[in-house]
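Please open the structure in your viewer and keep the selection panel at hand. The tour below moves from stop to stop, saying what to select next and what is there.

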Amino acid sequence: MKSLKAQHSILADSHEQLEIIEHGRTGDFALVPFQQKLEESDLFPLKPAQMEIFQVNIGKMCNQTCRHCHVDAGPDRKEIMTRETMQQCLDVLQRNPQFTTVDITGGAPEMNPDFRWFAGQIADLGRHLIVRCNLTIILANKKYHDLPLFYKQHKMELVSSLPFYTQDRTDRQRGKGVFDDSVKALQKLNEVGYGREGTGLILNLVYNPAGAFLPPSQQALEREYKQALFQQYNIQFNNLLAITNLPISRFLDYLLTSGNYEMYMEKLVNAYNPVAAARVMCRNTISVGWDGFLYDCDFNQMLELKVNCNSTHITNFNMHYLNKRNIVIGQHCYGCTAGAGSSCGGAVA
Amino acid sequence: MTEHYYNAKDLAKFGNVGDFQKDLADKFFSYYGEVFKDSTLTAREKSLIALAVAHAVQCPYCIDAYSTDAFEKGWNEAQMMEAVHVACAIRGGASLVHGVQMMNKVKEIAM
């Protein structure tokens, strides 16, 4: 499977995506505007709260091509962050100690040749470091086989997608053979102590629905995952994060081609939860793109909706402007406020 | 009246039955919510039971709702179809077991 960009799909253009998300395929699909929902919840304009998470997307290159990927990542994507931009991120972190957590994502961030250098530098700054590891990268090439020890050396928290505890659903979303490789990778991580009680090495898994539906209860699902993975594969992990798929990029493509787009959007709107809206991740996170531009979240990043203030790039990072800004919203934001809510840290309500 | 007796969009209006009789609707939905909570059976198990019952009572709204709910809660296609077969077997069995009544009657009147 190729990325939408490699297929020259119209959805590779963020403006096309936004047009569909805001107005539907035919231009006449009217849903309650997200802004109106926020107004009713007394949350508009949406403002930052205490900003503490510095999320950096260091590239769109990935060894997998998942059907739901909002990044449109894949082996054919060549956009990766340079060491110069990484250094600019480090300079910003040095000047802004309120960012206590750095969250590195991609693509498969490990495929960036400067990943280890960057992660090591962040660890030296004493920040809590999260890496979004897709698991299969550990087995993808000999040069990645020592990643579990590298993660351990810097006490990184790992957040890894495993859409389900069965092969069928996982492979449907992430590609043939991904479940088996993910199991092997999880066993390797467990071997070095990740996910094992008392080690302090955190291994969290991510559930994404493999289709046009919402996640079930995160708590109940975590119990099932723990039981199934331990019984069948002797795998342990810390927490399960249930994340809703946002109607962006390849998941949007899936919704449109499967005829589920309108139903899914109505479902998101009907499940709007004001408690989740008050806790959306864009209020405590700043998202940095591979080219150094700044966004309210990883989803706005993929829609190329830059922050709405005079500090739009890492080279002119200004905490004062960013704290005062209005967060950019759109109909896709319903994905983060449906039901128990959704964030890079799972359910929020 | 609408052209069809069943309309998929009516499922979303289920809560509106309270417009005509609020007290009883409130009691029903409160009870309904309690029934489907995790308890001695998990919400996940109850969802699969509901799917089977939906087929037994042949309610298209319930089939729509619990096909989605059961799949969301992690049941796979084969498990869901087996649940439907359970409903089918019970319905079929319910007809067939009356064959005993038929046999009894025939034996009663036959020479």
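Begin where the two chains meet: the contact takes nine residues from chain A and 10 residues from chain B, two residues being in contact if their C-beta atoms, placed from the backbone, lie within 7 Å. On the side of chain A that touches chain B there are six nonpolar, one polar and two charged residues; here Ala, Val, Leu, Ile, Met, Phe, Trp, Tyr, Cys and Pro count as nonpolar, Asp, Glu, Lys and Arg as charged, and the others, Gly among them, as polar.

Before going further, note that this is a predicted model, in which local features need pLDDT of at least 70 and side-chain atom pairs count only at pLDDT 80 or more, while totals for chains, interfaces and linings use all residues. Residues are numbered from 1 along each chain as its sequence is written, and chains are lettered from A and ligands numbered from 1 in the order in which they are written.

Eight strands form an open sheet with mixed pairing, in the order β6-β5-β4-β3-β2-β1-β7-β8, where two strands pair if DSSP finds at least two bridges between them. The edge strands of chain A are β6 (240-242) and β8 (294-295), each of which pairs on one side only.

Within this sheet, pick out β2(A) and β3 (residues 128-132) of chain A, which pair in the parallel sense over four bridges; Asp103(A) has Ile130(A) in β3(A) as its bridge partner.

Now turn to the backbone of chain A. Phe44(A) and Pro45(A) are joined by a cis peptide bond with omega about 0 degrees, and Pro45(A) sits in the loop between α2 (34-40) and β1 (53-57) of chain A. Another cis peptide bond, with omega about 20 degrees, joins Gly106(A) and Gly107(A), and Gly107(A) lies in the loop between β2 (101-105) and α4 (115-124) of chain A.

Asp72(A) is buried, with 27 other C-beta atoms within 10 Å; the term applies if 20 or more other C-beta atoms lie within 10 Å of a residue's own.

For the next stop, select α7 (residues 167-174) and α8 (residues 178-191) of chain A, whose axes come within 8 Å and cross at roughly 110 degrees. These two helices, α7(A) and α8(A), are therefore roughly perpendicular to each other, a term that covers angles of 65 to 115 degrees, while those over 145 count as roughly antiparallel.

Finally, move to chain B and select α2 (residues 43-56) and α3 (residues 60-72), whose axes come within 9 Å and cross at roughly 155 degrees. The helices α2(B) and α3(B) are therefore roughly antiparallel to each other, and their contact has eight nonpolar, three polar and one charged residues.

Notes: A residue is buried if 20 or more other C-beta atoms lie within 10 Å of its own, exposed if 12 or fewer, and partly exposed in between; C-beta atoms are placed from the backbone. Axes are lines fitted to C-alpha atoms, for helices over the stretch in contact, and angles run from 0 to 180 degrees between N-to-C directions. Angles under 35 degrees count as roughly parallel, over 145 as roughly antiparallel, 65 to 115 as roughly perpendicular and the rest as oblique.
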